[in-house]
Amino acid sequence: MWVLAALLLLVPSSGQAATLEKPTLSVHPPWTTIFKGERVTLRCDGYHPLVVELRPISTLWYLGHLLLPSHRRSIEVQTPGVYRCQTRGAPVSDPVHLSVSNDWLILQVPYAAVFEGDPLVLRCRGWYDKVVYKLHYYRDGQALRYFPSSANYTVAQARASDSGLYQCSGTMRIPVESAPMFSAKVAVTVQELFPAPVLKVAGHAEAGGVVVRCDTRVHPRKRAAPLQFSFYKYSRAVRRFDWGAEYTVPAPEVDELDSHWCEAATASRSVRKRSAWLQLRGTGSPTAAPGPQAAALAPGNRQLSFQKSLVSTSGLSVTSVPNSTSVGLRVPTGRVASAAPAACAPRTPLEQSPGSLKPDVDQLLQEMRLLKSLLNRVLLELRDPQAFPERGATLHTPPARSAEVPGAPETSAAGS
């Protein structure tokens, strides 16, 4: 009986232990690098069941793969390495890497992950908290900021572009002012809070409209920061920011679905990301495929310009052919190419047949040969008029006849 009284365990209902989240491991002060001889406090926050036993074990601590003897929620450490903690029934926490330095100057960065929109604070610290003069902060070898004396480098709202290798330099009076000293480089990564949203078709509304959804997801560690959504048609907002991720496109605007896009943002608007245009299939039915990225529409910028592609409706070009030659040879008007509307009209099977073009080609070749013989005769008469005494001294070229216009009155002779 005393055994039952010594060990009393109140556990959650069936299945709850399997869904417990990882505990949160925090560091105080909130820096990953300390000087040799200093201590920091680690705290493990998570689900702790109500346990009454002879030797209660509610928290486990790990240094690398080594199990530490302490089972309290908070411990003080000064040994470098990777620390993790675990509460009863829950997974192991995310790791925290603690560095211990013996340098004169260290750069301290936050121990926790930094997400988009979060403040980023870097601290350049001198040995035994000595004042650092002529302080410079660097990222990837490029100077960022200068301070006359000790000061933190702060980014109010971090972005992905703030990731990189950071370093600081400065001088200290030990006891006189020293030469410039540099800290070790520390990697800082700004994690993505949520990916750019994708506008998808979620279904059809009862009134004939289409329901679209602005699809994205917040990082699991930041689920406590919900997103708001706004929907646009071209550059006009059809629904301002609110908590709804879906919007119903009215039936009269369904034909312009491809002109819609959406935007997701945090409640403070510190992080805003927009989607691409909603894309449609070739048949006109909506799809969830992301469209080409349009120009960004940040607050204060110019309105988004949108222009649909133009479809060419021009017909085939037709070259006119004269119906007479320079020497009076008449080309049959019935074989001349018709105007542009006729060229665009559908052709009959007889016209599309290659064999139907053979009489035209034969007649054209015969007329070309006749034209060639006439040209040769004219050139010969011009060179030697005596070779043709029957034509006289002057060569008269037959006048070219104009095309006959149906229905036009006949012109009288020149002598009438």
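1. W127 is buried, at a relative accessible area of 17%; buried means under 20% relative accessible area, exposed over 50% and partly exposed in between (1.4 Å probe, protein chains only). Y128, by contrast, is exposed, with a relative accessible area of 65%.

2. The model is predicted: local features need pLDDT of at least 70, side-chain atom pairs count only at pLDDT 80 or more, and totals for chains, interfaces and linings use all residues. Residues are numbered from 1 along each chain as its sequence is written, and side-chain values use heavy atoms, with hydrogens and water left out.

3. Eight aromatic pairs are found in a search of the whole structure. In the pair formed by W127 and Y128, the ring centres are 4.8 Å apart and the planes stand at 90°, so the pair is edge-to-face. Rings of Phe, Tyr and Trp (its six-membered ring) pair if their centres lie within 6.5 Å; planes under 30 degrees apart count as stacked, over 60 as edge-to-face and the rest as tilted. Ring pairs also join F35 with W127 and Y128 in a cluster.

4. Y232 and W261 form a stacked aromatic pair, with 4.2 Å centre to centre and 10° between the planes. Y232 belongs to strand β23 (residues 227-233) and W261 to strand β26 (residues 260-266), so the pair ties together parts that are 29 residues apart in sequence. Strands (E, at least two residues) are DSSP runs, numbered from the N terminus. Y232 counts as buried at 7% relative accessibility, and W261 is buried at 0%.

5. Two charged side chains lie over aromatic faces. R269 sits over the face of F241, 4.2 Å from the ring centre, and K273 over the face of F194, 5.1 Å from the ring centre. The criterion is NZ of Lys or CZ of Arg within 6 Å of the ring centre and within 35 degrees of the ring normal.

6. The largest pocket holds about 1200 Å³ of space. A pocket is an open set of points on a 1 Å grid over the protein atoms alone, where a 1.4 Å probe fits, with protein on both sides within 12 Å along at least five of seven lines; lining residues have an atom within 4 Å of a point. The volume is the space filled by probe spheres set on the points.

7. Of the 44 residues lining the largest pocket, P95, Y111, A112, A113 and R221 are the closest to its centre. Strand β10 gives the largest share of the lining, four residues.
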